[in-house]
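Thanks for coming, everyone; I would like to take a few minutes to walk through one model with you. Please keep the structure view open while I talk.

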Amino acid sequence: MEQRIKGTTRLLCLIGTPVGHSGSPAMHNFAFRYHGLDCAYLAFDIKEEQAPEAMKALKLLNAQGFNVTMPCKNIVAQNVDEISPEAEVIGACNTVVNENGKWKGYITDGSGFVLNLREHGVEVKDKKIVICGAGGAATAIQVQCAFEGAKSITIFNGNDPFLDRAKGTAAKLAEKTPDCKVTVHCLDEKEAFVAAVNDADIFINGTSVGMKPNEDKTIIEDTSLFRKDLVVCDVVYNPTETRMMREAKAAGCEKVIGGEGMLLWQGAVAYKLWTGKDFPVKEYQAFKAQQ
Ligand code: NAD
């Protein structure tokens, strides 16, 4: 690393808190080295109220861009100079690019999800999608899938404050992507849930159900809902294979896709926005496997 840092090296970074566990510095520094780019990626612990000041400081330092994690995604979206259509609908940014001295904000979680599906041979265009959840990850997926031409998106959420967020997303998408039919239900509506999953091409768990330390939990208790041709996806990446994924595979589902690939691809999309280059996905996976 010390051989790469020069007087001309451009800064990229992650802001948010906590950031100490993040895999982004390792991922992006690997790719900078791979492509021979004069850039370095660090992580800074920044609280929500500090984010606007951090953005000004990074602009002064002529940083090439930055990633944003919780709890700063919304405040950053409010403080960028320009925003992508997807990030505007969601009201959150996880990637910001220095475009001629102006901060342009993007959200790459949803496109990371779509690219991960594509890598598994699944396209979202014209598909009927059922998704549980309306938090950060689920909303990004809903908006991206609607922008990418999904036929319908049926959202189920528990009776918590995220339910209203789902209704807000549906209202915005009705305006922005009227060809995609977006409906919202409460998870308690069991009959509607069964009917929607039976009619769906793709089912997505976009909630934190099944994530460590609650890996014994699943959003789909009734495993008879798993059909061979139903694509089953999880946003949870810890564990890499959730109980829902295990049960879907055991029930014969042919495409069962976990959250780890979405995480990698959302970083790859950010890398391309900053550098114009394709992230070396296969090489990085091989490098990680050796660690
Ligand atoms: P969030 O707090 O914004 O949203 C949480 C969602 O889970 C809400 O819809 C909430 O209603 C639902 N939920 C929580 N407990 C529930 C329960 N017991 N029953 C039903 N629904 C419940 O969280 P988030 O940032 O969207 O993260 C959700 C999951 O996605 C986490 O496991 C996170 O690690 C993962 N994630 C993955 C990626 C990726 O790239 N793969 C990216 C972001 C988040």
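Predicted model: local features only at pLDDT ≥ 70, side-chain atom pairs only at ≥ 80, totals over all residues.

By class, the shell around the ligand is made up of 12 nonpolar, seven polar and one charged residues, where Ala, Val, Leu, Ile, Met, Phe, Trp, Tyr, Cys and Pro count as nonpolar, Asp, Glu, Lys and Arg as charged, and the others, Gly among them, as polar. Residues are numbered from 1 along each chain as its sequence is written, and side-chain values use heavy atoms, with hydrogens and water left out.

The ligand is surrounded by 20 residues, the closest being Ala134, Ala137, Asn157, Asp160 and Gly259, and a residue counts as near when one of its heavy atoms lies within 4 Å. Two helices, α6 (136-147) and α10 (260-275), each supply at least two residues of that shell; helices here are DSSP runs of H or I with at least four residues, strands are runs of E with at least two, and both are numbered from the N terminus.

Which backbone atoms come within polar-contact distance of a ligand oxygen, taking a pair of N or O atoms within 3.5 Å as the criterion? A backbone N or O atom of Ala134 lies 2.9 Å from an oxygen atom of the ligand, and for Ala137 the corresponding distance is 2.8 Å. A polar backbone atom of Ser208 is 3.5 Å from a ligand oxygen. Of the 850 Å² of accessible area that the ligand has on its own, the protein covers 72%, with areas from the Shrake-Rupley method and a 1.4 Å probe.

Turning to the domains, an automatic or database assignment divides the chain into domain 1 (10-107 + 264-290) and domain 2 (110-258), with C-alpha centres 26 Å apart. In domain 1, 11 residues are in contact with 14 residues of domain 2, contact meaning heavy atoms within 4.5 Å. The two domains bury about 1100 Å² between them, 65% of it on carbon and sulfur atoms; this is the accessible area (1.4 Å probe) lost on putting the two parts together, summed over both. On the domain 1 side, Val89, Ile90 and Trp265 lose the most area to domain 2, together 54% of what that side buries.

Finally, some backbone geometry: a cis peptide bond joins Thr17 and Pro18, and the bond from Met70 to Pro71 is also cis.

Terms used: Polar contact = N/O pair within 3.5 Å; in protein donor to acceptor, adjacent residues only side chain to side chain.
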